[in-house]
Amino acid sequence: MEQQKDYFWAYIGGVIVIAALTLWTVKSSEHGKYETAQKAIAEDSANSAYLHKP
């Protein structure tokens with residue numbers, strides 16, 4: 001009887017890589033949303049939801 005190779009750690013590694021790539025993709029796509037708001041706040045601080053009164 002031949003013993004089959006155990007791919008347990010390969011599957012675990014694959015799941016970790018896929019999860020990391022998914023998180024990186026979501027994080028990088030979310031970054032663009034905030035650039036426009038950041039530019040608007042830089043131009044006029046009244047655009048900020050967190051107004052700081054001097």
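Student: Does W9 count as buried, partly exposed or exposed, and what is the relative accessibility behind that?
Tutor: Good place to start! Keep in mind that this is a predicted model. W9 counts as exposed because its relative accessibility is 67%, and the cut-off for exposed is over 50%.

Student: And what about F8?
Tutor: F8 has 41% relative accessibility, so F8 counts as partly exposed.

Student: How are the rings of F8 and W9 arranged?
Tutor: The structure holds 2 aromatic pairs. One of them joins F8 and W9 edge-to-face, with 4.9 Å centre to centre and 80° between the planes.

Student: Which residues form the nonpolar patch on the surface?
Tutor: That patch is made of F8, W9, I12 and I16, and together they have about 460 Å² of accessible area. I16 counts as exposed because its relative accessibility is 54%.

Student: Where does I16 lie?
Tutor: I16 sits in helix α1, which covers residues 8-43.

Student: New topic: how many helices and strands are there in the chain?
Tutor: The protein chain has 1 helix and 0 strands.

Student: What share of the residues is buried?
Tutor: Of the 54 residues in the chain, 2% are buried. The chain exposes about 5700 Å², and 63% of that comes from carbon and sulfur atoms.

Key
Residues numbered from 1 in each chain as written. Predicted model: local features only at pLDDT ≥ 70, side-chain atom pairs only at ≥ 80, totals over all residues. Heavy atoms only, no water. Patch = residues over 30% accessible without salt bridge, like charges linked within 9 Å, V, L, I, M, F, W, Y side chains within 5 Å. Areas by Shrake-Rupley, 256 points an atom, 1.4 Å probe, with all protein chains shown as cover. Salt bridge = Lys/Arg side-chain N within 4 Å of Asp/Glu carboxyl O. Helix = DSSP H or I, 4+ residues; strand = E, 2+ residues; numbered from the N terminus. Buried < 20%, exposed > 50% of the residue type's maximum accessible area, 1.4 Å probe, protein only. Phe/Tyr/Trp six-rings, centres within 6.5 Å; stacked < 30°, edge-to-face > 60°.
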